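Please read them with the structure open.

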Amino acid sequence: MPDEKQLEGKQPNDFDRRAFFVKLGLGSLSIAAAGTAVFGYQFLSPNVLYEPSPIINAGKPEAYPLDSVTLDVNSGIYIMHSSEGFFSVAAVCTHLGCLTAWKPELGIIACPCHGSKFKRSGEKIEGPAPRPLPWYRVWLSDDGDLMVDRSTPIRSMQFLRV
Amino acid sequence: MATAANYFDQLRKTRVWRSIFRSGTGASTLHRSLVIQQDVFLHLFPTKVRRRMLNVGVTWYLGTMTFGTFLILVSTGILLMLYYHPSVPQAYSDTKDLQFVVTSGLFLRNLHRWSAHAMVFLVFAHMFKVFYRGAYRPPREFNWVIGVILLLITLLLSYTGYLLPWDQLAYWAITVGSNIASAVPVVGDKVHFLLLGGNLVNANALLRFYVLHCMILPLTAIFFIAIHFWRIRKDGGLYAPPPAEPQRAKEGQ
Amino acid sequence: MSDSKDFVAGVDSNAKREPRRVVFVTRRTSAQVRVADEEVIQTFPEGLFRAAVAIEILAIVLVWIALLFNAPLEGLADPSHTPNPAKAPWYFLGLQEMLHYFPPVVAGVLAPTLVVIALIVIPYFNINIEAEGVFVKDRSRRLPVFYAVASALLLFLTIFRVYVALIPTLIMIALMLVAAWSSPGSASGARRYLASKPLSFWIMTWFLFELLVLTAVGTFFRGPGWSWVWPWRT
């Protein structure tokens with residue numbers, strides 16, 4: 001029990017042993033909890049994914065005639081050959097991830113889920129999609145195959161001349 | 001018959017019986033109260049309830065029936081788990097097996113599916129009935145909040161279970177749903193990645209949804225159901241407007 | 001007695017306690033004061049057995065349905081082919097219908113979050129606990145607020161062309177107008193009923209109505225590409 005002398009000499013910043021150990025204990029517990037949270041998040045976030053590679057080999061450029069729009073369902077991209085060159089646009093609707101379809105009779109790309117419609121260039125015509133369909137980088141491999149990188153969208157209107 | 005009743009009475013006097021059912025048996029109010037009070041599960045309930053509350057017209061027994069569908073879902077769910085492998089594409093074959101090959105498999109799957117729909121419907125109906133009865137008012141506010149949490153758990157259970165058959169219906173419903181999750185500002189994409197265990201709805205997603213649906217969410221539901229029942233008792237039992245003044249019973253709500 | 005009484009009085013139910021206590025509960029906010037002693041029965045066996053019967057009847061109905069109707073199962077999941085239309089289970093169709101009008105952030109995240117928060121806070125607002133007709137007290141102040149909110153909501157729905165949500169809203173506003181121009185002393189029973197409804201009743205009923213309409217539209221009136229279809233024409 002603190003006697004009179006101790007109480008008198010108390011400064012505002014003083015705290016006794018009990019308070020010190022309480023602070024120490026709570027502090028360590030918080031650090032432990034924070035550490036657990038971080039490790040927990042890292043555990044839940046997988047480091048290895050068994051998913052197909054985002055680099056797609058689309059075959060020879062000759063397979064895509066002029067003014068064609070080809071949907072590759074397995075990789076979710078369109079490969080298009082226009083007068084300006086080759087380019088690739090995502091086939092996955094930017095609204096909620098449904099696979100779109102090319103409608104040649106209407107000349108548009110349409111999404112079955114909520115009715116979004118896009119031009120060939122990926123620009124949105126109508127519908128609830130918030131963004132135009134992203135463009136993907138297209139290049140020619142050493143073997144002369146068309147390659148598409150689906151991982152990162154690029155600025156639109158960049159064509160590959162072959 | 002008389003001898004069977006005698007035999008049962010004799011049974012109840014044995015040491016073994018008395019060791020299991022410590023409070024003894026009998027038809028007195030004391031014994032009947034002890035049945036509730038001495039049982040670890042049943043003592044969530046009070047030993048006495050207001051007679052008026054047991055009329056069908058008061059609560060329509062919606063809460064009871066929601067719990068009933070939950071019990072059906074847990075039992076059919078556990079049985080279905082015995083024939084289901086949460087891998088791709090085996091999950092689909094297993095669902096087909098359950099429907100065509102496993103004895104009573106079709107029945108169990110149907111019962112599980114329709115009970116799930118019934119539970120979602122009943123939980124909404126229960127919420128609206130509690131609201132329109134005014135049974136959310138103090139001191140029962142927190143139990144109402146627990147009820148909202150249970151509503152969310154029910155919807156999550158239904159959503160995670162929806163993916164498990166791995167058919168077209170399941171796959172695209174979950175694709176759209178998880179893309180909505182990525183619409184959450186700031187953390188949306190991370191949440192999407194954690195939920196699916198990847199960027200696409202594939203084997204990782206199926207396994208995570210399976211663990212959520214069969215383990216994490218049911219345990220959470222049981223935890224909150226227990227609190228929900230406990231709070232009914234602690235807040236003074238099922239709510240009914242006081243019967244003393246007829247005009248007060250009619251107005252309001 | 002007089003309806004202007006603002007409290008409930010009760011006497012301590014235990015007659016043996018001395019001195020006896022008198023309780024005044026103002027504004028009828030607490031359900032803890034027992035005005036009268038009610039008949040009680042044992043949970044076991046009567047209470048539990050009634051619950052068991054209710055669950056048994058439910059089980060019989062569900063078993064019967066399970067024997068008659070098969071749960072749906074479509075083809076194997078195919079990431080390269082999106083079915084048209086791709087519909088969520090029925091309890092999410094209301095949300096999916098809203099996704100048609102608003103971006104996913106609003107319809108998928110904001111709206112459900114606001115709904116959940118609104119549900120949670122219902123019992124913490126006094127206006128819900130008192131359960132008086134919304135236009136009975138303070139009418140001169142509440143009526144303009146009602147007009148403002150109703151107009152804002154109608155304007156919002158019209159601008160975004162959410163016609164399916166507009167119709168229930170118009171109906172509810174019409175009913176509230178009838179309530180505003182009725183009173184507990186009105187001639188017809190219907191008008192007395194409407195006049196006695198508190199704000200929480202109106203908001204919740206509007207929500208229930210919208211839920212039913214949006215789910216029904218999503219189920220029956222939406223076809224391929226989420227286009228509008230008349231169900232009797234397919």
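Predicted model: local features only at pLDDT ≥ 70, side-chain atom pairs only at ≥ 80, totals over all residues.

1. Local features are taken up only where pLDDT is at least 70.

2. Contact of chains C and B. Here 59 residues of chain C are in contact with 72 residues of chain B. On the chain C side, strand E3 (40-42) and helices H1 (43-68), H3 (104-121) and H8 (199-220) each supply at least two residues. H1(C) gives the most, with 15 residues. By class, this side of chain C has 42 nonpolar, 11 polar and six charged residues.

3. Strand E1 (residues 48-50) of chain B pairs with E3(C). The sense is antiparallel, over three bridges. One pair to look at is Lys48(B), whose bridge partner in E3(C) is Gln42(C).

4. Contact of chains B and A. In this case 14 residues of chain B are in contact with 10 residues of chain A. On the chain B side, helices H9 (168-181), H10 (188-196) and H11 (203-234) give two or more residues each. The largest share, five residues, comes from H9(B). The classes on this side of chain B are seven nonpolar, seven polar and no charged.

5. Main core. The largest nonpolar core has 94 residues. Cys98(A), Ala170(B) and Val176(B) have the most contacts inside it. Which helix gives the most to this core? Helix H7 (residues 105-133) of chain B does, with 11 residues.

6. Second core. A separate core has six residues. Among them are Val134(C), Met176(C), Ala179(C) and Leu194(C).

7. Helix H5 of chain C. Is this helix largely buried or in the open? Of the 21 residues of H5(C), the number buried is zero, so the helix lies largely in the open. The length checks out as well: at 1.5 Å a residue, H5(C) (residues 139-159) should span 30 Å, and its end C-alpha atoms are 30 Å apart. Just after H5(C), Arg161(C) takes a positive phi of about 55 degrees.

8. Domains of chain C. The domain assignment gives domain 1 (41-71) and domain 2 (90-233). The centres of domain 1 and domain 2 of chain C, taken over C-alpha atoms, are separated by 34 Å.

How values were computed: Residues numbered from 1 in each chain as written. Chains lettered and ligands numbered in written order. Core = buried A, V, L, I, M, F, W, Y, C linked by C-beta atoms within 7 Å. Buried ≥ 20, exposed ≤ 12 C-beta atoms within 10 Å, placed from the backbone. Helix = DSSP H or I, 4+ residues; strand = E, 2+ residues; numbered from the N terminus. Expected span 1.5 Å × (residues − 1). Domains from an automatic or database assignment. Contact = placed C-beta atoms within 7 Å. Nonpolar A, V, L, I, M, F, W, Y, C, P; charged D, E, K, R; others polar. Pairing = 2+ DSSP bridges.
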